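Thanks for coming; I would like to walk you through one model this morning and keep to what can be computed from its atoms. Please have a look at it first, and then we will go through some of its elements in turn.

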Amino acid sequence: MGFLRSALTTSLLLASDAAAVDPIIMKGTKFFTKSGEQFFLKGVAYQQEAGGGPAGSGSSSKTYVDPLSDASTCERDIPLLEKLGVNTIRTYAIDPKADHSDCMSMLEKAGIYVVADMGDPSLSINRDSPSWNVELFDRYKGVIDNLGKYDNTIGFFAGNEVTNNNTNTDASAYVKAAVRDTKKYISDKMANGGRWMGVGYAANDDAEIRANMAQYFNCGEQDAAIDFWGYNIYSWCGKSSFTESGYDVQVKFFSNFSVPVFFAEYGCNTVGGAEGRLWDDTTALYSDQMTDVFSGGIVYMYYEEENDYGLVKVSGDKATAMKNYNVLQSKLAAAKPSSTSMAAYNPTNSPAACPAISDDWKAADILPPTPDSDLCDCMMSAASCVPSDDLAEKDYGDIFGYVCENDAAACAGIKADTETGVYGPYGMCSAKQQLAHILNAYYANQNSKSTACDFNGAAQVVSGSTNSSCDASLAKANSAVALAATATAGTTSSSSTADSTENAAAPASVRMSAFMTMGDMAIGLYMLVAMGVGAGMVLL
């Protein structure tokens, strides 16, 4: 087995240099190779227990299997991917600390690119309690650093179906903030000799929000807008057609979009399961009816699992192609999309206008602040009233609830109002740091009475101090806290986004309407905080 693995690795890694890929770049609504040839994704979702598919993300408690860290698995699967005729895989979660060099090299030799989601099942933007914080940003940067070393990385998804209906559109503000900050992170790398990699979003097909979603992520300052739009769509089922599936509607809608659009997932299985898939949608996707607007797509999925969407059955070290693998293989081989050269292509589409706040849309184009660990550390060091050293996270919830019910101003620094675009500067910080901020604010507002920093031993008075390097950032944050404390309404514009703490007015997961009563605010705050830290507590 050891000899076989070594031989396979050597064979793949020493493949002809002619197979090495040309980095992908974007121009207008299309992808191109660096040499100027138009690029269409012929992709497959490649991850066990991926958490993708029509149901969206899986449980936050799920672990994941990094599909690109095990060379023996890649040795088994990449020949099947290459034989299938794909040029792209999508991964849903990779370990940013793992070594992916073997698998990425094998993929490159096979002419296969990667689009990677930056979150994982336990650390991503949660639609029910969304935030954009230091811990998340660190993970996203780690994924970029890890996969950005390889020329066959096209880019990244900042989220997958985070907003999936009109009850959780506020979460999109946090995803767009992630887009803004990861794009800036890549841009800074480009300034130091790095190359372009895109940041996009993968959306579900919900009729009530799909237009607002696409417009929101495309509108405003383009430094904060998506580089590409992934569309998870499962409307072509069984024997269907371009019009019956609604593909014609999608082509018409996205014909004016200003960045590349592709199917981030497709492959309906409601007629006959995985093996009943005819892949006529693949033929349509690469036909002249669609290729002027869509840049291909990614089939869901490689592995056959309980959800019955697979192309390949895996048992131990053996992988066996299924019947619908063979059907898809023939369809991909026959797909010869019409293309243009980068030199001949002149983009004409403009970014969309931002959607107005409405019953079906609750995210303004003013975004949450960029996570800044230094600011959080400065605030924590400067605080005079902080959580006790032995206070358990499960006990945070009741303190948040009590303070914010009795002193709303003390919680302004962790406020989050996506409709008005007012955010506190400390919603990005850890739960302990946020608790320290509101405890310290409450203590100061009570004229530093000793009884105001006790909470039955849950809080303690300390000698807060900072060095001069914190002065400017804390002064700016204090101004943002004051703004958030007095803000009762906000205005939006299609061209403005939050700059660090500039628009910054809870742990970050707390939604606080400017028109809530004190009691309503405390109840909503407590409920979300308690869920966020695993506490089932009652208010003090």
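Predicted model: local features only at pLDDT ≥ 70, side-chain atom pairs only at ≥ 80, totals over all residues.

Let me begin with helix 5, residues 171-191, whose 21 residues should span 30 Å at 1.5 Å a residue, and since its end C-alpha atoms are 31 Å apart, the two values agree; the expected span here is 1.5 Å times one less than the number of residues. After helix 5 comes Gly 193, with a positive phi near 105°.

Residues are numbered from 1 along each chain as its sequence is written, and side-chain values use heavy atoms, with hydrogens and water left out.

As for the chain in general, it has 14 helices and 17 strands, where helices (H or I, at least four residues) and strands (E, at least two) are DSSP runs numbered from the N terminus. Of its 540 residues, 54% count as buried, that is, under 20% relative accessible area, with exposed meaning over 50% and partly exposed in between, for a 1.4 Å probe and protein chains only. The accessible surface comes to about 21,400 Å², and 49% of that belongs to carbon and sulfur atoms; the areas come from the Shrake-Rupley method with a 1.4 Å probe, and for residues only the protein chains shown count as cover.

Now to strand 10, residues 261-266, which is mostly covered, with 6 of its 6 residues buried. Strand 10 pairs in the parallel sense with strand 9, residues 228-232, over 4 bridges, and pairing requires that DSSP finds at least two bridges between two strands. Within that pair, Trp 229 has Val 261 as its bridge partner. On to strand 11, residues 294-299, which runs parallel to strand 10 and is joined to it by 3 bridges; here Val 261 has Phe 294 as its bridge partner.

Which helix belongs to the β-α-β unit with strand 9 and strand 10? It is helix 7, residues 247-254, and the unit is right-handed, meaning that, with the strands pointing away from the viewer, the path from the first strand over the helix to the second runs clockwise. Strand 10, helix 8 (residues 280-285) and strand 11 also form a right-handed β-α-β unit.

Finally, there is an open sheet of 3 strands in the order 1-2-3, with antiparallel pairing. Its edge strands, each pairing on one side only, are strand 1 (24-27) and strand 3 (38-39).
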